[in-house]
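Have a look at the structure first, then read on.

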Amino acid sequence: DVILVGEMRDPETIELALTAVEMGILVFGTLHTNSAPKTIDRIIDVFPTKKKPAIRTILANAIEGIVSQQLLRSKNGKRRHAAHEILLSTPALGGVIRKGETVKIMSFMQINKQHGMQTMDDCLWDMVEADKVTLEEAHRNALEKDRFELSKEEL
């Protein structure tokens, strides 16, 4: 009762995955995106305009979570550390997706940090503070570069 879709890049594959979800099957899928909002946008944008509202509704009901990840060079350059962005489903998230307001998802994750959600930039900042990666490496991989540029001035 579990399906893994290696790469969801075309409407047919995505639609089959969503149909399986609607049937109660747990579906894991991969996309090449670097944030949860971009993942949702990518899934919706692959469809023609007429289908987008229906896809938003299905996604709003189907998504249990999105994990975006990237590998960063360690401070000493000898290994890599995984940075994660985590978005978990809530009733409020469904409304945001249905309305097509994915720009609100980043603040939604920040507000719901106590529920296990995390933005990529928060994770990167935590890795800098834990001395796992350099500020430059975090900046290179950050979604909001300004946050890490201000930090350079403070150091």
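## Surface and charge

The protein exposes about 9,200 Å², and 53% of that comes from carbon and sulfur atoms. Keep in mind that this is a predicted model. On the charge side, there are 21 positive and 23 negative charges, and their mean positions sit 2 Å apart.

## Overall layout

Going along the sequence, you get β-α-β-α-α-β-β-α-α-α-α-α, which comes to eight helices and four strands. The C-alpha trace spans about 50 × 30 × 30 Å along its principal axes.

How much of the chain is buried? Of the 155 residues in the protein, 41% are. As for contacts with a separation of 6 or more, 51% of them join residues 24 or more positions apart.

In soluble globular proteins, nonpolar side chains tend to be buried together. Here, the largest nonpolar core holds 28 residues, and Ile-40, Leu-59 and Leu-87 have the most contacts inside it.

Leu-59 is a handy place to start looking around. Setting aside neighbours within four places in sequence, Leu-59 touches Leu-18, Ile-40, Ile-43, Ile-44 and Ile-97. There's also a second, separate core of twelve residues, with Met-120, Val-133, Ala-138 and Ala-142 among them.

Notes
Residues numbered from 1 in each chain as written. Predicted model: local features only at pLDDT ≥ 70, side-chain atom pairs only at ≥ 80, totals over all residues. Heavy atoms only, no water. Helix = DSSP H or I, 4+ residues; strand = E, 2+ residues; numbered from the N terminus. Buried < 20%, exposed > 50% of the residue type's maximum accessible area, 1.4 Å probe, protein only. Contact = heavy atoms within 4.5 Å. Areas by Shrake-Rupley, 256 points an atom, 1.4 Å probe, with all protein chains shown as cover. Lys, Arg positive; Asp, Glu negative; His and termini not counted. Charge placed at Lys NZ, Arg CZ, Asp CG, Glu CD. Core = buried A, V, L, I, M, F, W, Y, C linked by side-chain atoms within 4.5 Å.
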